[in-house]
Amino acid sequence: MELGYLDGEYTAFAYCADSARPDRYEPYYVVLTVVVSDGKVSAIKNVHGSATGSAGDTVLNPYEEENDEYLSYAEKGRTRKGITYLGVVNQLLAGKKSSEVDAVSGATYSSRAIAAAYDKALSLSAQAYKESKAQSSASSGKTEASVGSHASSSSVSQASGSGDADA
């Protein structure tokens, strides 16, 4: 059975930190919205950092705006030491699986967090699709079209570990 996605906008959060070197920068949540149209991802928008995640997540120290630079590199890409790195958003929109995206040099954890938040948003859309199909079959043949606008309420994906750091 092929996985389906319900049209709508799905907002999700992912924790971003360097767990190997926690003093390098203040952890934060990456927030983004995935837009699904005609059952396919059509856009990834509103990528930003936050001190708060989903309901029930730990509230972190105030978001440090210096993280914006690294988050922007991860989102949009950059050229560093003569090498051009494609941003994670463009890689995902081109059809690359989140587990296969290339992290942007100098923005490794932000890159991972964008991919993790993307996965969570797609999971929300897939769950909404599944629920919509179940509702349709339960309503004795009546098909209801619905457009979703959902926020992630599940636990936070963690994009942390060792390796290159954002800062």
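Colleague: Where is Ser125 found?

Modeller: Ser125 sits in helix H3, which covers residues 108–138. Keep in mind that this is a predicted model.

Colleague: Is Ser125 buried or exposed?

Modeller: Buried, because its relative accessible area is 0%, and the cut-off for buried is under 20%.

Colleague: OK, and what does the side chain of Ser125 reach?

Modeller: That side chain gets to the backbone oxygen of Leu6, at 3.0 Å.

Colleague: Which residues is Ser125 in contact with, leaving aside neighbours within four places in sequence?

Modeller: Gly4, Tyr5, Leu6, Tyr10 and Val36.

Colleague: Switching topic: which residues of helix H1 are buried?

Modeller: H1 runs over residues 67–76, and Asn67, Leu71, Tyr73, Ala74 and Glu75 are buried there.

Colleague: What covers them?

Modeller: The cover includes strands E2 (28–37), E3 (40–50) and E4 (77–80), plus helix H2 (88–93) and H3.

Colleague: And what comes just after H1?

Modeller: Gly77, with a positive phi of about 95°.

Colleague: How do E4 and E5 pair?

Modeller: In the antiparallel sense, over four bridges, with E5 spanning residues 83–86. One of the bridges links Arg80 to Ile83 in E5.

Colleague: How many residues lie between E4 and E5 in the hairpin?

Modeller: Two, and Lys81 in that turn has a positive phi of about 55°.

Methods: Residues are numbered from 1 along each chain as its sequence is written. This is a predicted model: local features need pLDDT of at least 70, side-chain atom pairs count only at pLDDT 80 or more; totals for chains, interfaces and linings use all residues. Side-chain values use heavy atoms; hydrogens and water are left out. Buried means under 20% relative accessible area, exposed over 50%, partly exposed in between (1.4 Å probe, protein chains only). A polar contact is a pair of N or O atoms within 3.5 Å; within protein, one must be able to donate a hydrogen and the other to accept it, and residues adjacent in sequence count only if both atoms are side-chain atoms. Contact means heavy atoms within 4.5 Å. Two strands pair if DSSP finds at least two bridges between them.
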